[in-house]
Amino acid sequence: MVVLREGMCPGLDEDLVRDLRAAGIKTVEDVVSSDIEELAQRCAVSYKALFAIRRVLLAQHAAFPVSGADLYEELLSSTAILSTGNPSLDALLDSGLYTGEITELSGGPGSGKSQVCFGVSVHISHRLKQSVIFIDTTGGLAAGRLLQMLRAETSNAEEQMEALQRIHVYRAFDVFSLLDCLHGLRAGRLRQALGGGSVKAVIVDSVSAVISPLLGGKQNEGMSLMMQVAGVLKTLAKDFNVASLVTNHVTRSGGGELQPGLGASWAPVPRTRILLERAEGAADVGHSSVRSATLIKSSRRPCLIKEEFDLRWWSRSGGEEASSGKREREETDSP
Amino acid sequence: MQRTLSSLSLSPSVKIKLVAAGFQFTSDLLPLKPLQLSKEASLSQLEALEVLQTVRREEGGDEGGGGGGLASLTALELLQKEEELKSIVTFSSQLDAALGGGLPVGKTTEICGAPGVGKTQLCLQLAVDVQVPQCFGGIGGQVLYIDTEGSFLLQRVVDIAAAVVQHCSLLVEDDEQRVAMTTFTVETILANMFLVRCHDYVELLAELHLLPDFLSEHPKVRLLVIDSVAFPFRQHFDEMSRRTRLLNGLAQQLIAMATGHDMAVLMTNQMTTRLQGGQSQQVPALGESWGHAPTIRILLHWAGSRRLAAIFKSPDHMGSTVQYQITSEGFRDVDQSEQPPSKRPRTHTDQSAASRGDASL
């Protein structure tokens, strides 16, 4: 519903807007869907003028169809696949995070979602030399941890500092700040604030922390705000060709199984969903860092395949790369 | 893509009136004056002014390129800021080492454990430790202690404070420290502790709502202790989903305050039993979604006659378990010489004992 205002198109002046409003035409939709002849008679305006105005308004506000071939061309030329740095996780994601899409990581407390986010941002910033935007809603981001992971990648202090400078951190602790931040990024700060570097990933850790207090009970705004966050993230990912990674909490379904939080409305939003859990065999050892990742939604790979990996992958020292790669790759198919 | 009005932080009644008047996007409101808006949307003048200010601030922030909205830091700047923020020592060097220097400032920490294991003792110890002057390696800050269980014992605080003062006076080396010791006494320690007693969850939520004003009047507060956050939320709740929502909202408020005011937030939690497949297990109370709320979680538990502290959620350190003891002077390390001689390395003993005494979490 776009309200009619003077100056929207040539020929639409204040008097005409007033006349149209008197006739009950307040929005662009009303102009487009009403009978021009009858309207011309009621408002005492020329038919030609109204017809011209309607054509301009349609051109301004209608969507344009795009052919499939053009869409495919665009996809091939602009999509990039960002490796997460961990071969097991890459195998699950069909070689990495795709730009233009939202990928979701869900898991219980302590399952390693934030650690994976840190590892991914360090890998993209250092190896791929691209900028990363990290929106932290839980306060769990510690730059010391990022430095720890970088130290394992390179011992050159200058490279470490450069990589740290490519990671931009925003802190938003409620949904309105998150929306302000995302809209600001979309409106142009993405280009302005970075001055030179190109952003390839936007990571939000976690999106459920700011949305779950709003859902349920007598509150009626929660769903709407959740879908607005989804909308802005998707537009951001599509328009700027960035890969979007979000984290989510888990709840127990009726049967006692773990499922990602935020309900059935959020489920179609991410293109790919991964559930992280503590690996089963390691339950006896008190503090194990092995996690198992299950692919619960994907448009590229069969669902419910599992991979196990060690959270310490991103802080291993460079020398062990070859051997630890072989150790971490364990594939178990779902029963 | 335009920004809808419902994504702005306005009161719901105002939003309903704006939508009823036909406004949907922020760009619809930009060319309007407050008088026009209040007539068209039947809002009061004040409400119309507030709406336009919010809208202008959003648009102005976007065009100004980072001036209006949220400021961003690069990870490098964040690292420099973190290095300036110190941690609060716990007087147990092993726990401090496991936590990376002590209780981190700017983050929320949760301590859970069975009754009697030492949660309140650790809280009281930290409430005194945060006041250690900066020349001794402390932070020299004040503390706000919110007591919901009534377990705050003044005599115990006096004992702990006296021990800390004595410890510091033995460390005095130069003039600066000598001067600091004159203002670091049991009386001043007690004077820098603000105590609030909350009897139910409504009082707790109200207190937290009023906290930003309190903190702006007392900028030296560096620690907020809530002992315990579980107690008021485990009674009188018919609807569990409402409790989860309130707790999630509470968690976000606390982390916003911790980061905004450079303050450490410490909460204690109780334990509950979870039955799973015929086996019972002790897990922290308040449900699974609460587990996401604190940044760092420490579990205090018994292994035979020993007290162990296990860090099982931390963003920058791997989980580990250390042993501690509660003495008349407060929370301390276990004396090394008292350990029975053992050929096995110490961490192995702790882990196997932890897994024997308490099922994994």
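**Domain, cores and interface**

Mentor: Over residues 84-271 of chain B, the chain is 49% helix and 19% strand, with the end C-alpha atoms 35 Å apart. Helices (H or I, at least four residues) and strands (E, at least two) are DSSP runs. This is a predicted model: local features need pLDDT of at least 70, side-chain atom pairs count only at pLDDT 80 or more, and totals for chains, interfaces and linings use all residues. Residues are numbered from 1 along each chain as its sequence is written, and side-chain values use heavy atoms, without hydrogens and water.

Trainee: Which feature does UniProt place at residues 84-271 of chain B?

Mentor: The entry is unreviewed. Such annotations may be inferred rather than shown by experiment. The name in the record is "domain: RecA family profile".

Trainee: How many residues has the largest nonpolar core?

Mentor: A nonpolar core joins buried (under 20% relative accessible area, 1.4 Å probe, protein chains only) Ala, Val, Leu, Ile, Met, Phe, Trp, Tyr and Cys residues through side-chain atoms within 4.5 Å. Met193(B) and Val128(B) are among those with the most contacts inside the largest one. Its count is 46 residues.

Trainee: How much area do chain A and chain B bury between them?

Mentor: Buried area is the accessible area (1.4 Å probe) lost on being put together, summed over both parts. Carbon and sulfur atoms hold 56% of it. The total is about 5,300 Å².

Trainee: Which residue of chain B meets Arg252(A) in a salt bridge?

Mentor: A salt bridge puts a Lys or Arg side-chain nitrogen within 4 Å of an Asp or Glu carboxyl oxygen. Here the N to O distance is 2.9 Å. The partner is Glu288(B).

How values were computed. Chains lettered and ligands numbered in written order. Buried < 20%, exposed > 50% of the residue type's maximum accessible area, 1.4 Å probe, protein only. Buried area = accessible area lost by both parts, 1.4 Å probe.
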